[in-house]
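Q: I am new to this structure. Can you show me how to read its features, one at a time?

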Amino acid sequence: MIKSYKFRRHLANGFIYLFLIVMGIIWISPFVYLVMHSFRGEGMITVPYLVPHEWTLQNYIDLFTGAGGNAQLNFPRWFLNTFVVACFSCVISTVSVLMVSYAFSRLRFKARKKFMNVGMILGMFPGFMTMIAIYYLLKAMGLTQNLVALVICYSCGAGLGFQISKGFFDTIPRALDEAATIDGATKNQIFWRIILPMSKPIVVYTVLTSFIGPWTDFILAKIIMGDKRENYTVAIGLQLMQQLEFKNTYYKQFLAGSVVVAVPITLLFLKMQKYYVEGVTAGGVKG
């Protein structure tokens, strides 16, 4: 009876592992294809084989030097635009989220629960619903086709994403605040000098999420930038490479650019994965 049970359990586990392996191969195969063909030497858009016959670094060289017909599409400028917007948005959003989260976690004021409920309700609506209104507001202020407009859009509403960070701050004992208050520390000093140094996991989580959003966004950036190519981000630039007038010339540079865009996010996540997981799990303890 015990042997029969063990056999059925091993058989079931075997099917589960086989299913996971197949799904993993299906999931990772497009990325493997993308990386391999970004080094492809053949000039055709599509090839009848999976592994390139010719390998070269020329696609990456053309992408950053403007060679190979790439002078019209300035990928280095787009990459720099995206990096600058993502960095500024990340700093502003991280500070905003953490300060709002700390205020809701530690301070008790009259409309606290109402503000939290309003923030959660607004967070349920998809962002694209307000994009047209945002565009006309920016147009009225003369900020369309401007990188500053992107930083404003990505940063201003960041404080509404306070739920995870607030849950993390709720796990930190209030006795620390009380002890610091007895020693004469203000709320501002408690936040910056005591609570924040103890909150590395949630800080890393907030930094990652605040950086990834601007780095990968396409729709809002496309609406704001319009046809001003020098202020494009990489997401818009890569989409431009796939338009009919550029596709035949820039397809291999498009593959190389897709790999380049993924590298910073991948390295950042691998470096901070431990703290990212800790921030998510700890932030989910209390609401």
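A: Start with one contact. This is a predicted model. In it, the side chains of Asp177 and Arg106 meet in a salt bridge, 3.0 Å from N to O.

Q: What is the general idea behind such a contact?
A: Side chains of opposite charge can pair when their charged atoms come close. Here the partners are Asp177 and Arg106. Asp177 belongs to helix H8 and Arg106 to helix H3 (residues 75-106), so the pair ties together parts that are 71 residues apart in sequence.

Q: Are Asp177 and Arg106 buried or exposed?
A: Both Asp177 and Arg106 are buried.

Q: How many salt bridges does a search of the whole structure find?
A: The search finds two. Besides the pair of Asp177 and Arg106, there is one between the side chains of Asp170 and Lys166, at 2.8 Å from N to O.

Q: Where do Asp170 and Lys166 lie?
A: Both sit in helix H7 (residues 163-170). They are four residues apart, so about one helical turn separates them.

Q: How do I judge burial for Asp170 and Lys166?
A: Use the cut-off: buried means under 20% relative accessible area. Asp170 has 15% relative accessibility, so it counts as buried. Lys166 has a relative accessible area of 3%, so Lys166 is buried too.

Q: Which residues gather in a patch of positive charge on the surface?
A: The patch holds Arg108, Lys113, Arg174 and Lys187. Take Arg174: it lies in helix H8 (residues 174-182). At 36% relative accessibility, Arg174 counts as partly exposed.

Q: Now the rings. How many aromatic pairs are there?
A: The count comes to 15 aromatic pairs. One of them is Trp27 with Phe31, which is tilted: the centres are 5.2 Å apart, with 45° between the planes. Tilted is the class between stacked, under 30 degrees, and edge-to-face, over 60.

Q: Where do Trp27 and Phe31 lie?
A: Both are in helix H1 (residues 2-37). They are four residues apart, about one turn of the helix. Trp27 is exposed, with a relative accessible area of 59%. Phe31 is partly exposed, at 46%.
The rings of Tyr102 and Phe191 have centres 5.0 Å apart and planes at 50°, so that pair is tilted. Tyr102 lies in helix H3 and Phe191 in helix H9 (residues 187-195), so the pair ties together parts that are 89 residues apart in sequence. Both Tyr102 and Phe191 are buried.

Q: Which residues form one aromatic cluster?
A: The cluster is made of Phe64, Phe75, Phe79, Phe211 and Trp215.

Q: How do I read the backbone angle phi?
A: Most residues other than glycine have a negative phi. Gln145 has a positive phi of about 55°, although it is not a glycine. Gln145 lies in the loop between H5 and H6. At 28% relative accessibility, it counts as partly exposed.

Q: What about Thr144: where does it lie?
A: Thr144 lies in the loop between helix H5 (131-140) and helix H6 (147-156). Thr144 counts as partly exposed, at 23% relative accessibility.

Q: How do I compare distance in sequence with distance in space for Thr144 and Cys90?
A: Read both values. Thr144 and Cys90 are 54 residues apart in sequence. In space they are 21 Å apart, C-alpha to C-alpha.

Notes: Residues are numbered from 1 along each chain as its sequence is written. This is a predicted model: local features need pLDDT of at least 70, side-chain atom pairs count only at pLDDT 80 or more; totals for chains, interfaces and linings use all residues. Side-chain values use heavy atoms; hydrogens and water are left out. Patches are made of residues with over 30% relative accessible area and no salt bridge: like charges are joined within 9 Å, nonpolar side chains (Val, Leu, Ile, Met, Phe, Trp, Tyr) within 5 Å. Accessible areas come from the Shrake-Rupley method with a 1.4 Å probe; for residues, only the protein chains shown count as cover. A salt bridge is a side-chain nitrogen of Lys or Arg within 4 Å of a carboxyl oxygen of Asp or Glu. Lys and Arg count as positive and Asp and Glu as negative; His and the chain ends are not counted. The place of a charge is taken as NZ of Lys, CZ of Arg, CG of Asp or CD of Glu. Helices (H or I, at least four residues) and strands (E, at least two) are DSSP runs, numbered from the N terminus. Buried means under 20% relative accessible area, exposed over 50%, partly exposed in between (1.4 Å probe, protein chains only). Rings of Phe, Tyr and Trp (its six-membered ring) pair if their centres lie within 6.5 Å; planes under 30 degrees apart count as stacked, over 60 as edge-to-face and the rest as tilted.
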